[in-house]
Amino acid sequence: MNNFSLPLFMKVKPDALAELRDNLHYYLPGEESGKVLILTTEGLLQRLQDKVVEMLSQLHEYKVVTVEKSSFDFAVTVAKKISLEGFRLIIGFGGGTALDTAKYAGFVSNIPYIAIPTALSNDGVCSPVSVLLAKGGRSHSFTSKTPDGLLIDTDIIRNSPRLLMQAGVGDVISNYTALCDWTLDCRFNGRHTDDFAYMLSERAVTALLYSNVQNFDTPEGIQMLAQSLVMGGLAMQIAGNSRPCSGSDHLFCHALDELYSHGLPHGIVVGIGTIGAAMLQGRDYSILVDLLKAYGIDLNPARRGITEEMFVKAWVYAKDVRKERYTILNTMEMMPKQYRIEKFREMYRIMCEL
């Protein structure tokens with residue numbers, strides 16, 4: 001049985017940041033507040049000055065460190081700093097760069113970690129994984145920890161770039177095809193999916209698919225996206241791996257990342273990969289397309305700068321990104337390579353017409 005831990009609190013609401021002090025007692029009991037390390041990114045403290053003042057006013061003793069890039073070496077350096085200087089709590093305030101670094105540093109140094117995201121672009125906000133730059137400057141996923149607490153201030157999220165929120169939706173819908181790939185893997189290898197992790201992941205995507213609030217213009221719409229991303233992260237924590245939220249859809253994304261410098265957010269590429277994966281699985285993808293259109297998300301790969309050659313090459317290479325991971329792509333191994341290439345070309349043409 002996989003051991004897992006869940007956040008002690010999660011606030012998703014307007015001005016959620018004002019409740020930081022009310023929840024510090026979980027980690028800093030007694031009169032002494034303890035030293036707190038805050039990781040953020042360049043310019044964020046100035047852009048969100050009012051919110052930053054509100055956050056810092058609730059802390060007794062703190063130090064702010066700016067993260068230039070989310071690298072493994074820097075995260076380890078931060079962990080050393082925590083241990084040597086006696087910090088008792090680490091807060092990640094920002095996007096993936098700050099959160100993944102804080103998450104891993106907290107994991108290595110074994111102190112509580114609170115996540116205060118300023119964007120909702122992927123399910124990493126509550127996953128047990130940190131994506132950090134490692135050898136050769138390439139991204140690598142490291143085992144980490146889920147946050148011990150989450151404060152998602154919808155006032156902050158609502159003013160974040162619309163593209164990042166759209167990427168969050170793209171990452172959530174990948175659960176639709178990831179769960180199918182996970183089931184295929186279990187049947188092939190004689191294993192079973194974790195029922196609770198499966199349920200959470202499925203709930204995360206269906207909550208968005210059948211929501212009456214499919215927009216980013218209200219606290220309710222942002223809350224729905226936040227809850228779906230958190231449920232996906234918790235599903236991975238319970239399963240002990242990323243299978244509930246990552247299948248051939250993510251393999252396509254990782255392949256494109258390794259082969260090309262495209263500059264697209266992770267969730268946008270994953271969304272494109274999810275439609276492709278649904279096609280390969282022979283499943284109805286129209287409900288996914290309708291959802292993405294409701295959020296104003298353009299999945300036409302050509303308009304996103306992904307050429308047919310890039311698209312096809314990424315799908316051909318995707319199976320080799322993680323060879324131990326069985327997905328719908330493995331069922332195509334016996335097919336001639338040229339047949340697979342033509343299939344991927346057909347998928348590209350269809351997606352360019354969506």
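So, α7 and α10: their axes come within 7 Å and cross at roughly 120 degrees. An axis here is a line fitted to C-alpha atoms, for helices over the stretch in contact, and angles run from 0 to 180 degrees between N-to-C directions. Helices are DSSP runs of H or I, at least four residues, numbered from the N terminus. On the α7 side, Asp171, Ser174, Thr177, Ala178 and Asp181 touch Ser248, Asp249 and His250 of α10, where contact means heavy atoms within 4.5 Å. By class that's one nonpolar, four polar and three charged residues. For the classes, Ala, Val, Leu, Ile, Met, Phe, Trp, Tyr, Cys and Pro count as nonpolar, Asp, Glu, Lys and Arg as charged, and the others, Gly among them, as polar.

Quick note on the source: this is a predicted model, where local features need pLDDT of at least 70, side-chain atom pairs count only at pLDDT 80 or more, and totals for chains, interfaces and linings use all residues. Residues are numbered from 1 along each chain as its sequence is written, and side-chain values use heavy atoms, with hydrogens and water left out.

Staying with α10, which of its residues are buried? Ser248, Asp249, His250, Leu251, Phe252, Cys253, Ala255 and Leu256 are, buried being under 20% relative accessible area with a 1.4 Å probe, protein chains only. Their cover includes α7, α11 and α13.

Now back to α7, residues 162-189, which also packs with α9, residues 219-239, at about 40 degrees, axes 10 Å apart. Met165 and Trp182 are among the α7 residues in that contact, and Leu225 and Ala239 among those from α9. This one has seven nonpolar, four polar and no charged residues.

Conventions: Helices (H or I, at least four residues) and strands (E, at least two) are DSSP runs, numbered from the N terminus. Buried means under 20% relative accessible area, exposed over 50%, partly exposed in between (1.4 Å probe, protein chains only).
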